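Welcome, and thanks for taking a look at this one with me. Please keep the sequence and the model open side by side while you read.

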Amino acid sequence: MTRTRTLALSIATLAFSANSALAQTPTAKPAPPTAAEANLNALKRGVAEHVDGLAKLAQEAVDSVFSFGELGFQEVETSKYLTGVLEKNGFKITRGQSGIPTAWVASFGSGKPVIALGSDIDGIPQSSQKPGVAYHDPIIEGAPGHGEGHNTGTPLNIVAAIAVKRVMEREKLPGTLLIWPGVAEELVASKAWFVRDGMFKDVDVTLFTHVGNNLNVSWGAGGGNGLISVEYLFEGETAHSAGAPWRGRSAADAVELMSIAWNYRREHLRLSQRSHSVITNGGDQPNVVPRAASIWFYLRENDQPHIQELWDIANKIADGAALMTNTTWTSRILGTAYPQHFNKPVADTVYANILKVGLPEWSEADQTLAKALQKEIGNATQPGMATKVAEMGQPVKIEDNMGGGSDDIGDVSWNVPTVTLRYPANIPGLPGHNWSSGIASATPIAHKGVVAGAKVQAMTVLDLLTRPELITQAWAYFNDVQTKDVKYIPFITKDTPAPIHLNTEILARYREQMKKFYYDPTKYPTYLDQLGIKYPTVRTTPATPQPQQ
Ligand SMILES: [Zn+2]
């Protein structure tokens, strides 16, 4: 989407090219800083000190959200806690955006520029795990948990925002900070709705952040796919499965045939696609021909037209399955994510701050935990935690992109200049969406990684608040490079509801048990202390061989 902005129009003379105009020219002798630069550097040092002073809050927030372990759309305790912290620190909260009960936006300040800080908050099914223990050891068997590390990103943004707020108040800096949560990111089911309903309409730049194992940022088209998440619901008729099976029409047969057909068709799809499904309703009991059955697909591809193509194929296959079984079908969108594209001028700014901040110092205990886990899950090498800052991520050519994961931050990135900061709150070399990604997520690794990330985030906000030319450059890249030939065509319509029913049953099953393990910071210095876990806990006997991934 291209927007007309006075800011963006004023630099029409600057012709940006992704490769040339914005590339930094190395100079032999860096010029001495101007007075403005020296002043900004001093503000950045000050904001980093504020962040250090908020390290205890960072730890409490990281550990609290970890202990809630809530899945998408069920982030009730999480949102209550996070908005509570923000309110206590002088942010104004609005709630329930896009009809999503766990959504909210916190704001501080007024006027331009408007900087939006976002990060995900939801967990992963079946990933309950004791932190600091380098092998599978669930807190509650079968329960959800933070098997991705989404417990750390919003605490990072909150710490950064509080630190920046103090500087804004002292320096009387104009501008507005918005903090918003990526609700149900694992279902990619909120950000396209937030975009549709105007959450970003006045935003100048979005600084998103996501857990990683190094400090990093990238620009241009990312790797990975966009996706459409669709559930197909078949309807037939019941009958006695033994007494009069010829009078029944099985919706479960249609689901099975659709699944089989998709897996045959897969051979003839582009190599860049990734698709997977789960059966959400397979019928009630064997002696009743299933009247209702359903199957839920994630259909992933590199760009909007190819995602649409996959979706069209799936619809045809559903027609075929219905024809074969004399059933009917309907479908509903359960999520969507655009392929991601990040803003170069903003990414350059973030990366300069990454170089200033550098990686946290990992203790021997951190490295012992990391190496023990890398061994436990069968990795060929055990390098431990990263000790060198990653190179800045470069654009991936669409023909080289063989697909991968998705994040609905993609939808935001096509509506407002956006980048994702990765920060080191997890251990390198993990499969993801797995108990192993929860192990570091409430330990000193996560606490230090969040403080480092919050410094980068806070410094970048100060850059954006005090250097208006950066906002101008960000929009020039957005309008003249990123969206010059590619337009945002959302998959949802104005009527598509957010699928807030998802995960209700799982939380209903586990919530009472999970409550017993919520972190109480008034009683325990850390969550590890509350659980009585020695840090790190590693195997003293040889590991049982794990099946290779
Ligand atoms: Zn994630």
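This is a predicted model: local features need pLDDT of at least 70, side-chain atom pairs count only at pLDDT 80 or more; totals for chains, interfaces and linings use all residues.

Residues are numbered from 1 along each chain as its sequence is written, and side-chain values use heavy atoms, leaving out hydrogens and water.

**Zinc site**
- Glu148 (OE), His150 (NE2) and His210 (NE2) coordinate the zinc ion at 2.0 to 2.1 Å.
- Donors here are N, O and S atoms within 2.8 Å of the metal (3.2 Å for Na, K and Ca); water is not among the atoms, so the site may look incomplete.
- Along the chain, the spacing of the zinc donors reads E-x1-H-x59-H.
- Glu148 and His150 are both buried (under 20% relative accessible area, with exposed over 50% and partly exposed in between, using a 1.4 Å probe and protein chains only).

**Thr420**
- Thr420 sits in strand E12, residues 418-424; helices (H or I, at least four residues) and strands (E, at least two) are DSSP runs numbered from the N terminus.
- Thr420 counts as buried because its relative accessibility is 6%.
- Leaving aside residues up to four places away in sequence, Thr420 touches Phe208, Thr209, His210, Asn216, Val217, Phe342 and Ile409, where contact means heavy atoms within 4.5 Å.
- One of these contacts, His210, is also a zinc ligand through NE2.

**An open sheet and its helices**
- An open sheet of 4 strands runs in the order E8-E9-E7-E10, with antiparallel pairing; strands pair if DSSP finds at least two bridges between them.
- At the edges, strand E8 (274-281) and strand E10 (328-337) each pair on one side only.
- Neighbouring strands of this sheet are turned by 20° against each other on average, direction ignored.
- Strands E7 (residues 226-235) and E9 (residues 292-301) pair over 10 bridges in the antiparallel sense, and Leu227 has Arg300 in E9 as its bridge partner.
- Helix H7 (residues 251-265) lies across E7, E8 and E9, at about 20° to E9.
- Helix H8 (residues 304-325) lies across E7, E9 and E10, at about 15° to E7.
- Axes are lines fitted to C-alpha atoms, for helices over the stretch in contact, and angles run from 0 to 180 degrees between N-to-C directions.

**Nonpolar cores**
- The largest nonpolar core has 130 residues, and those with the most contacts inside it include Trp180, Tyr232 and Met258.
- Helix H12 (residues 444-466) gives the most to this core, with 11 residues.
- Another core, of 13 residues, lies apart from it and has Trp362 and Ile427 among them.
- A nonpolar core is a set of buried Ala, Val, Leu, Ile, Met, Phe, Trp, Tyr and Cys residues joined through side-chain atoms within 4.5 Å.
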